[in-house]
Amino acid sequence: MTSVHDRSDRFEMIALADGETLAGFADEVLAAGPDLELLQAPTPQLVMQRVIEPVENRPFNLGEVLVTVAEVDLEGARGFAMVPGKNERIALAGAIVDAAVAGGHALTAEIENALEAAVANRDEERARAWATSRETTVEFESMEDEL
């Protein structure tokens with residue numbers, strides 16, 4: 001179960017969230033004129049995508065993917081975001097949203113609801129895709145025990 005209060009989970013939730021939703025929350029947070037320090041300007045960069053291969057259950061480097069990273073300090077609360085693709089505006093908005101939640105901003109409950117809705121949407125899409133592809137499942141007999 002993902003929780004907006006777990007920072008690692010929150011990073012994932014921010015990456016899943018709609019960019020315009022994040023930008024809207026960031027604008028609302030900044031509307032009051034809080035102290036904001038840009039610790040890392042939004043920067044596109046390549047990171048290695050690592051997955052677990054299913055046969056031997058070992059890590060496997062799939063390849064490099066483009067992400068945009070930003071980090072801020074919002075009145076003493078640090079915020080970080082890494083979003084897929086080249087999108088400086090959304091990465092900065094995500095970092096501001098992360099800092100707002102970390103600092104207990106008045107919008108935290110509203111942000112939490114939006115981030116949880118993003119996770120629910122992703123889970124529904126995965127379930128729908130699995131239900132569609134499940135009909136084409138092929139079961140192979142394993143000869144592993146015979147070796």
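Start your tour by selecting E75: at 57% relative accessibility this residue counts as exposed (buried means under 20% relative accessible area, exposed over 50%, partly exposed in between, with a 1.4 Å probe and protein chains only). E75 sits in the loop between strand 2 and strand 3. Helices (H or I, at least four residues) and strands (E, at least two) are DSSP runs, numbered from the N terminus. Check the backbone here too: phi of E75 is near 50°, a positive value in a residue other than glycine.

Before you go on, a word about the model. It is predicted, so local features need pLDDT of at least 70 and side-chain atom pairs count only at pLDDT 80 or more, while totals for chains, interfaces and linings use all residues. Residues are numbered from 1 along each chain as its sequence is written, and side-chain values use heavy atoms, with hydrogens and water left out.

**Another loop**

Now select N57, in the loop between strand 1 (36-53) and strand 2. Its phi is near 60°, a positive value in a residue other than glycine. Is N57 buried or exposed? With 59% relative accessibility, N57 counts as exposed.

**An aromatic pair**

Next, select F11 and F80. The structure holds one aromatic pair, and these two residues form it, edge-to-face, at 5.4 Å centre to centre with 65° between the planes. Rings of Phe, Tyr and Trp (its six-membered ring) pair if their centres lie within 6.5 Å; planes under 30 degrees apart count as stacked, over 60 as edge-to-face and the rest as tilted. Follow the chain and you will see that the pair links distant parts: F11 is in helix 1 (residues 7-16) and F80 in strand 3, 69 residues apart. F11 is partly exposed, with a relative accessible area of 27%.

**Salt bridges**

Side chains of opposite charge can pair when their charged atoms come close. Counting a side-chain nitrogen of Lys or Arg within 4 Å of a carboxyl oxygen of Asp or Glu as a salt bridge, the total comes to eight. Here are some to pick out:

- E20 and R89: the closest N and O atoms are 3.1 Å apart. This pair links distant parts of the chain, with E20 in helix 2 (residues 19-30) and R89 in helix 3 (residues 88-102), 69 residues apart. R89 is partly exposed, at 48% relative accessibility.
- R78 and E71: the closest N and O atoms lie 3.3 Å apart. R78 is partly exposed, with a relative accessible area of 45%.
- K86 and E88: here the closest N and O atoms are 2.9 Å apart. K86 is exposed at 57% relative accessible area, and E88 is partly exposed at 27%.

Then select R7, R10 and D98, which salt bridges with shared partners join into one network.

**The largest pocket**

For the last stop, select A15, Q49, V65, L66, V67, M82, V83, P84 and G85, the residues that line the largest pocket. Strand 2 (58-74) and strand 3 (77-84) are the elements that give two or more residues to this lining. A pocket is an open set of points on a 1 Å grid over the protein atoms alone, where a 1.4 Å probe fits, with protein on both sides within 12 Å along at least five of seven lines; lining residues have an atom within 4 Å of a point. How much space lies in the largest pocket? About 160 Å³, a volume being the space filled by probe spheres set on the points.
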